[in-house]
Each structure stands twice: as structure tokens, then as C-alpha cells.
Amino acid sequence: VIGANLQALDEYIFQVYPGRMTLFRTSDENRYEAIGEQYDPQFGWGDIIAGGIDIDYVPGSHISMLEEPHVRVLGNKMKVYLEKAYAVNLKDYIVSDNGKTERTERKVSVA
């Protein structure tokens with residue numbers, strides 16, 4: 001399985017995403033083997049996310065962020081971002097004269 005995953009990663013051609021992205025990451029405090037090394041704070045996503053990246057730090061490590069009590073913090077932060085995205089997307093819909101809800105055309109500009 002690991003070999004297949006590595007092959008897929010090696011052969012996949014990433015497409016540019018025109019929107020924004022939220023990256024949840026830890027502060028990397030427990031990476032003892034990486035002392036003195038510099039990491040890209042966007043973990044490479046900046047190359048393919050054209051609309052910008054919001055980085056939000058969560059407690060724990062890469063693994064423990066998905067365990068109590070850290071997962072509760074992650075869940076609360078995700079809820080805030082999802083509610084904000086939902087509210088923004090509601091602006092894409094209108095109620096037509098016949099009472100039906102229709103999606104409006106929305107153009108995304110890439111700077």
C-alpha cells in the first residue's frame with residue numbers, strides 16, 4: 001500500500017485551485033529530529049492555492065491533534081471556518097420571481 005501511495009504521489013499532476021484554503025497545523029514543538037531545519041509554513045500548498053492560505057495553529061502533534069483534548073479545539077475551529085464558508089456561499093443563491101432558489105453565476109478572479 002505504501003508503495004502504491006508513493007507511486008500515485010509521484011505521478012499525480014496537481015492542478016491550481018483558484019480559491020482560498022485553510023491549513024490547520026501544529027506548532028511542531030515535538031519534532032526533535034528537525035531541530036535547526038526550516039519548514040515551509042504552508043507545507044507546499046502555496047504553489048497550488050491561488051486564492052491564498054489561512055494558517056490556523058492547533059495544539060498537539062500531527063497525530064495527537066486528532067485525539068482528546070486537542071481534537072475538540074480542532075473541531076471548534078473547523079466549525080467556525082465551515083460556518084463562515086457556508087454564509088459566504090449563501091450569497092451565491094437568489095430566490096427567483098417564481099419562488100425557486102437558483103444559483104447565481106459567480107466569477108473567481110485570480111490575482
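Three salt bridges are found in this predicted model. Side chains of opposite charge can pair when their charged atoms come close, and each pair is worth a look in turn.

One of the salt bridges joins the side chains of Arg 20 and Asp 54, with 2.5 Å from N to O. Arg 20 sits in the loop that runs between helix 1 (2–11) and strand 1 (21–25), while Asp 54 belongs to strand 2 (residues 53–57), so this pair links parts that are 34 residues apart in sequence.

The side chain of Asp 56 meets that of Lys 77 in a salt bridge, with 2.6 Å from N to O. Asp 56 has a relative accessible area of 14% and is buried, because buried means under 20%. Lys 77, in contrast, is partly exposed, with a relative accessible area of 24%.

The remaining salt bridge is formed by Glu 68 and Arg 72, whose closest N and O atoms are 3.1 Å apart. Arg 72 has a relative accessible area of 53%, which means that this residue counts as exposed, the cut-off being over 50%.

Methods. Residues numbered from 1 in each chain as written. Predicted model: local features only at pLDDT ≥ 70, side-chain atom pairs only at ≥ 80, totals over all residues. Heavy atoms only, no water. Salt bridge = Lys/Arg side-chain N within 4 Å of Asp/Glu carboxyl O. Helix = DSSP H or I, 4+ residues; strand = E, 2+ residues; numbered from the N terminus. Buried < 20%, exposed > 50% of the residue type's maximum accessible area, 1.4 Å probe, protein only.
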